[in-house]
Amino acid sequence: MKSTFHRMTRRMHACVARFAPHRQPALLVVLQTLSIAGALTACGPAAHAMGTTAAESAAPPAAPTTSSAGAAVALPTVQSDMKRGASFPYKRLNDLLSKLRTEGEGLFVSRFVLTNAKDATKPVPAGTKLALMSDEDYIPIPIDDKGAFELPTFPASRAADMEFGTNVPKGDLGVRLSIDLATPPEMLDMATVRRIVAVGQRLRGELLPWYVRWMFPQIDGVIACSDQPQWALDWTEGGQRLRLPLQVEAQQREPETPRGKPSRACTVLTGQEQWPDAALLQPPPGANTKLYVKLRNPRAS
């Protein structure tokens, strides 16, 4: 019995000597301990039995482990054709629109139209989608058949990380912004013309952040364009009804006239005229009169 025990001990030492060389780095101790257990198995059943008993008596109970394959949960793939970053961050437009609505005294209306960035004469691709996107928000923007759309405003903190998203490749879409007047032609008087100029200049010069001023041009007056050039101003003075015909501004083209096409007749009111505030525009009946802001410089500045 004693000689049998000595033979088993010598075999264990020989196996450990082959798989655990001297002066091994400390980092490999744990890994080589696992190798030694495997080596004992290769040396015979008696050695394996002794090795197992020693490991079980020396090591604390192993914590139960969860198989990585069992723990992984397969989630469905979510695919979207909407891509963020289609243009500059929405924060800038949100600042502009918020100021127009809170400080514009109800005089101005912003209008947006999607355009084909590569060829302005062509429509935008069919099926074009537009949305405002952030980590927390996805807000679809309805687009009509002419590419026109409206944009909401948000508190500055919510709009800080918003971007435009679209399903059209970057660089294929353009956006045309126009500032229209909320006043209908038949309600435009000289007091309103002067308010439009004053509020517009105050917005651009004092209230708008510098980084959005280029989107809001200098306003120098109001343009009225019609199918027939028969406008007039009416007002009462000294108990008498006065009427003043307005002249055609020969150099003024209607802003929406396509390039190369003839413009309708237009007249211009700047507010610097000597006529009283109560002087009311009389557009020609049935002449499809439309009002526009007169820009100091039509190009972005």
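Leaving aside neighbours within four places in sequence, T183 is in contact with L188, T192 and L291, where contact means heavy atoms within 4.5 Å.

A word on the ground rules before going on. This is a predicted model, in which local features need pLDDT of at least 70 and side-chain atom pairs count only at pLDDT 80 or more, while totals for chains, interfaces and linings use all residues. Residues are numbered from 1 along each chain as its sequence is written, and side-chain values use heavy atoms, with hydrogens and water left out.

Stepping back, the protein chain has 7 helices and 13 strands; these are DSSP runs numbered from the N terminus, helices being H or I of at least four residues and strands E of at least two. Of its 301 residues, 33% are buried. Among contacts with a separation of 6 or more, 74% are between residues 24 or more positions apart.

Beyond its neighbours within four places in sequence, Y90 is in contact with L97, L132, L151, P152, F154, M162, E163 and F164. In soluble globular proteins, nonpolar side chains tend to be buried together.

Not counting residues up to four places away in sequence, I139 touches A131, L132, F154, R158 and M162. I139 and F164 are 25 residues apart in sequence, and their C-alpha atoms are 9.7 Å apart in space.

Next come the strands. An open sheet is formed by 3 strands in the order β11-β8-β13, with antiparallel pairing; two strands pair if DSSP finds at least two bridges between them. β11 (265-269) and β13 stand at the edges with a single partner strand each, so one side of each is left without a neighbour in the sheet. From one strand to the next, the twist averages 30°. Between β8 and β11 there are 5 bridges, and C225 stands opposite C266 in β11. Helix α7 lies across β8 and β11, running at about 135° to β8; axes are lines fitted to C-alpha atoms, for helices over the stretch in contact, and angles run from 0 to 180 degrees between N-to-C directions.

Finally, look at β9. Strand β9 (residues 232-237) pairs with β10 (residues 240-245) in the antiparallel sense over 6 bridges, and W235 stands opposite L242 in β10. The two strands form a hairpin with 2 residues between them, and G238 in the turn has a positive phi of about 60°. β9 is also joined by 3 bridges to the antiparallel strand β12 (residues 280-282), where L280 stands opposite D234.

Terms used:
Buried means under 20% relative accessible area, exposed over 50%, partly exposed in between (1.4 Å probe, protein chains only).
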